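Here is a briefing for a reader who is new to this structure. Please look through the sequence and the model before reading on.

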Amino acid sequence: MEREIDLQEISDGKLYTANDMVKIGCNDCKGCSECCRVVGDTIILDPYDLWQLESGLQTDFETLMQGKIELQVVDGTILPNLKIREGGAGCSFLSAEGRCTIHGYRPGFCRMFPMGRIYEDGGFKYFLQVHECDYPNKTKVKLKKWMGIPELARYEKFVLDWHDFLKEVQAVLKKTENQEIVKNLNLYILNQFFVTAYEADDFYGQFYGRMEKAEEMLRMYR
Ligand code: SF4
Ligand code: SF4
């Protein structure tokens with residue numbers, strides 16, 4: 001989700017790469033689950049997140065839609081997000097003891113928290129959201145280690161490609177007043193990247209295969 005933000009207000013004013021050390025270490029969140037309780041519907045999922053959930057939980061999109069995820073419109077595009085529990089008591093994957101039940105395959109936003117991403121100059125950097133985690137006496141941690149994502153260079157390329165693709169889709173949706181096109185394009189993206197199950201291996205191969213077809217389809221609407 002792209003938002004106008006004042007970096008000076010919400011960050012320490014620095015931009016980071018995954019190889020940088022950042023003061024975010026919080027002793028494995030011992031005794032705290034605050035951010036997972038107040039998260040609301042802000043964890044928007046990308047295809048990698050969906051693949052992780054499907055593989056880790058041995059499940060599929062339809063099953064996840066029964067209580068764990070839901071759909072919302074983000075800048076004109078229909079995308080899935082983590083659902084909050086009935087009664088509003090935090091993320092649907094948060095246990096009663098306040099632990100994440102999908103820690104090994106949690107979404108990218110959760111992995112980098114309290115870092116955010118800023119996209120500029122054809123790439124992206126990370127920034128520290130200084131008001132998001134009150135844990136005292138944080139320690140310095142290498143961001144790469146903090147996120148714990150295998151093949152990070154490939155992952156970061158995917159993040160950028162997915163971001164750029166959504167921007168292209170949003171540009172097409174903004175341009176048209178034809179509601180049939182809006183509906184068809186949204187349904188296509190939802191099916192192509194989320195509803196259609198992923199094989200357990202080689203996420204990137206599957207993603208870029210689907211992306212090639214989606215780009216072809218998008219060209220028709222430009
Ligand atoms: S607010 Fe900070 S310490 Fe608490 S759960 Fe979130 S990241 Fe961990
Ligand atoms: S998936 Fe896990 S880390 Fe992310 S908000 Fe839910 S409980 Fe917290």
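This is a predicted model: local features need pLDDT of at least 70, side-chain atom pairs count only at pLDDT 80 or more; totals for chains, interfaces and linings use all residues.

Residues are numbered from 1 along each chain as its sequence is written, while chains are lettered from A and ligands numbered from 1 in the order in which they are written.

**Ligand surroundings**

- A residue is near a ligand if its C-beta atom, placed from the backbone, lies within 6 Å of it.
- Around ligand 1 are Cys-26, Cys-29, Cys-32, Ser-33, Glu-34, Cys-35, Phe-113, Cys-133 and Tyr-135.
- This shell around ligand 1 has 7 nonpolar residues, 1 polar and 1 charged.
- Here Ala, Val, Leu, Ile, Met, Phe, Trp, Tyr, Cys and Pro count as nonpolar, Asp, Glu, Lys and Arg as charged, and the others, Gly among them, as polar.
- Ligand 2 has around it Cys-36, Val-39, Ile-43, Leu-82, Cys-91, Phe-93, Leu-94, Cys-100, Ile-102, Arg-106 and Cys-110.
- The shell of ligand 2 holds 10 nonpolar residues, no polar ones and 1 charged.

**Nonpolar core**

- A residue is buried if 20 or more other C-beta atoms lie within 10 Å of its own, exposed if 12 or fewer, and partly exposed in between, with C-beta atoms placed from the backbone.
- A nonpolar core is a set of buried Ala, Val, Leu, Ile, Met, Phe, Trp, Tyr and Cys residues joined through C-beta atoms within 7 Å.
- The largest nonpolar core has 30 residues, and those touching the most other members are Leu-45, Leu-50, Trp-51, Leu-82, Cys-91, Met-115 and Leu-128.
- Two or more residues of this core come from each of strand E1 (21-25), helix H3 (47-57), strand E5 (123-128), helix H7 (152-175) and helix H8 (179-195).
- Helices (H or I, at least four residues) and strands (E, at least two) are DSSP runs, numbered from the N terminus.

**Helix H3**

- Of the 11 residues of H3, 8 are buried, so the helix is largely enclosed by the rest of the structure.
- The buried ones are Pro-47, Tyr-48, Asp-49, Leu-50, Trp-51, Gln-52, Leu-53 and Glu-54.
- Their cover includes H4, E3, H5, H7, H8 and H9.
- Trp-51 touches Tyr-198 and Phe-203, leaving out residues up to four places away in sequence; contact requires C-beta atoms, placed from the backbone, within 7 Å.

**Helix H8**

- Which residues of H8 are buried? They are Leu-185, Ile-189, Phe-193 and Phe-194.
- These residues are on the same side of H8 because they cover an arc of only 110° around the axis, taken from the directions from the helix axis to the C-beta atoms.
- Exposed on the other side of H8 are Gln-179, Glu-180, Lys-183, Leu-187 and Asn-191.
- The buried residues of H8 pack against H3, helix H4 (61-64), strand E3 (77-82), H7 and helix H9 (203-221).

**A buried lysine**

- Is Lys-83 buried or exposed? Lys-83 is buried, because 20 other C-beta atoms lie within 10 Å.
- Lys-83 sits in the loop between E3 and helix H5 (108-112).
- Beyond its neighbours within four places in sequence, Lys-83 contacts Gly-67, Lys-68, Ile-69, Glu-70 and Ser-92.
- Lys-83 and Ile-69 are 14 residues apart along the chain, yet 4.6 Å separates their C-alpha atoms.

- Strand E4 (residues 115-120) runs antiparallel to E5, and 6 bridges join them; strands pair if DSSP finds at least two bridges between them.
- Arg-117 is opposite Tyr-126 in E5, and Glu-120 is opposite Gly-123.
- The hairpin has 2 residues between its strands, and Asp-121 in the turn has a positive phi of about 50°.
- Asp-121 counts as exposed, because it has 6 C-beta neighbours inside 10 Å.

**Other backbone features**

- Most residues other than glycine have a negative phi, and most peptide bonds are trans.
- Asp-28 has a positive phi, near 55°, and lies in the loop between E1 and helix H2 (34-37).
- Asp-28 is exposed, because 9 other C-beta atoms lie within 10 Å.
- The peptide bond from Phe-113 to Pro-114 is cis, with omega near 10°.
- Pro-114 lies in the loop between H5 and E4.

Note on methods
Two residues are in contact if their C-beta atoms, placed from the backbone, lie within 7 Å.
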